[in-house]
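My plan is to start with the whole chain and then zoom in.

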Amino acid sequence: EISRDAIINATKPYIGCVQGDAREKELLAIYNKATGSKWNTSTAWCCIAASDWAIICDYGTDFLPRTASCGDMISKAKALGIWEENDAYVPKRGDYIIYDWNDSGKGDNQEGHDHIGIVIASDGWKNFTVREGNMGNNHVCGDRLMQVNGRYIRGFVTPRYTEGREFDTPDIKPVEYYVVKKHDSLSKIANMYGCTVDDILLLNPQITNPNLIRVGQKITVPTYAKTVTYTV
């Protein structure tokens with residue numbers, strides 16, 4: 001059986017691991033052993049983590065390519081017939097998303113490849129949650145809330161599963177909320193949470209002007225956010 005639940009469960013022990021720690025080294029070791037590679041902690045490891053979760057489940061290269069490169073992942077997924085080019089595709093649990101940070105958000109983005117993660121939850125129409133390795137400035141394994149047909153989507157790898165639910169109930173919980181206070185700015189909030197303004201904009205496509213936020217506005221911030229103390 002090729003299970004959506006099994007591969008998502010394989011990601012759970014690595015939530016919160018950071019580049020260079022014992023769990024990230026474990027991911028590197030798993031990948032290097034399976035592929036004969038020699039990657040170390042200085043490499044970008046999002047695609048390694050994505051490959052590892054299939055390796056851990058003992059799913060073969062006909063299920064998901066084993067590669068450390070997002071560009072190579074796209075090429076091999078196309079060859080396997082499991083590449084979905086359409087940005088507006090509604091992803092299922094267990095699909096993989098590839099991002100392009102240069103995407104303008106207009107039309108169907110058909111070039112670029114910067115980052116990858118696995119879809120761990122999808123409401124089947126509007127929102128989905130992605131688990132990623134090497135995420136954000138802190139290079140951690142964390143979750144990101146995305147909107148269907150949102151900005152930065154390059155496309156999807158859609159492995160062939162034989163079991164497991166494809167969608168969740170429509171009330172997927174947001175990653176985390178922050179309520180804007182007087183004198184806040186996106187750069188100030190990003191600094192508080194150890195991320196970038198672009199990270200926040202990615203989670204909040206409703207913010208069209210990064211220099212214009214209002215008091216009381218509720219915005220989504222990354223789950224890899226550091227613990228903060230806010231002084232009024």
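Predicted model: local features only at pLDDT ≥ 70, side-chain atom pairs only at ≥ 80, totals over all residues.

**Burial and overall build**

I began with burial: 50% of the 232 residues of the protein count as buried.

Next I looked up the secondary structure and found 6 helices and 8 strands. I read the order from the N terminus as α-α-α-α-β-β-β-β-β-β-β-α-α-β.

**Size check**

I wondered how the radius of gyration fits with a compact globule. For 232 residues, the rule for a compact globule gives a value near 17 Å, and the protein has 18 Å, so the two agree. I also boxed in the C-alpha atoms along the principal axes, and they fill roughly 55 × 35 × 30 Å.

Then I checked contacts between residues with a separation of 6 or more: 63% of these link residues 24 or more positions apart.

**Surface and charges**

The accessible surface comes to about 11,000 Å², and carbon and sulfur atoms hold 48% of it. I looked up the charged side chains too, and found 26 positive and 29 negative. The centres of these two sets lie 5 Å apart.

**The largest nonpolar core**

Which residues touch the most other members of the largest nonpolar core? I got I7, W53, Y96, I98, I116 and V157, out of 35 residues in that core. Then I asked which elements give two or more residues to it, and my list reads helix 1 (4-11), helix 2 (22-35), helix 3, helix 4 (70-80), strand 2 (96-99) and strand 3 (115-122). Helix 3 supplies the largest share, with 8 residues. Apart from this core I found another one, made of 14 residues, among them Y178, V180, I200 and L201.

Setting aside neighbours within four places in sequence, I7 is in contact with W53, A54, C57, Y59, F63, Y96, I118 and Y161. Two of those names, W53 and Y96, I had already written down for the core.

**A stop at S51**

Is S51 buried or exposed? S51 has 1% relative accessibility, so it counts as buried. The cut-off for buried is under 20%. S51 lies in helix 3, which covers residues 46-56.

Methods:
Residues numbered from 1 in each chain as written. Heavy atoms only, no water. Helix = DSSP H or I, 4+ residues; strand = E, 2+ residues; numbered from the N terminus. Rg over C-alpha atoms; globule rule 2.2 N^0.38 Å. Buried < 20%, exposed > 50% of the residue type's maximum accessible area, 1.4 Å probe, protein only. Contact = heavy atoms within 4.5 Å. Areas by Shrake-Rupley, 256 points an atom, 1.4 Å probe, with all protein chains shown as cover. Lys, Arg positive; Asp, Glu negative; His and termini not counted. Charge placed at Lys NZ, Arg CZ, Asp CG, Glu CD. Core = buried A, V, L, I, M, F, W, Y, C linked by side-chain atoms within 4.5 Å.
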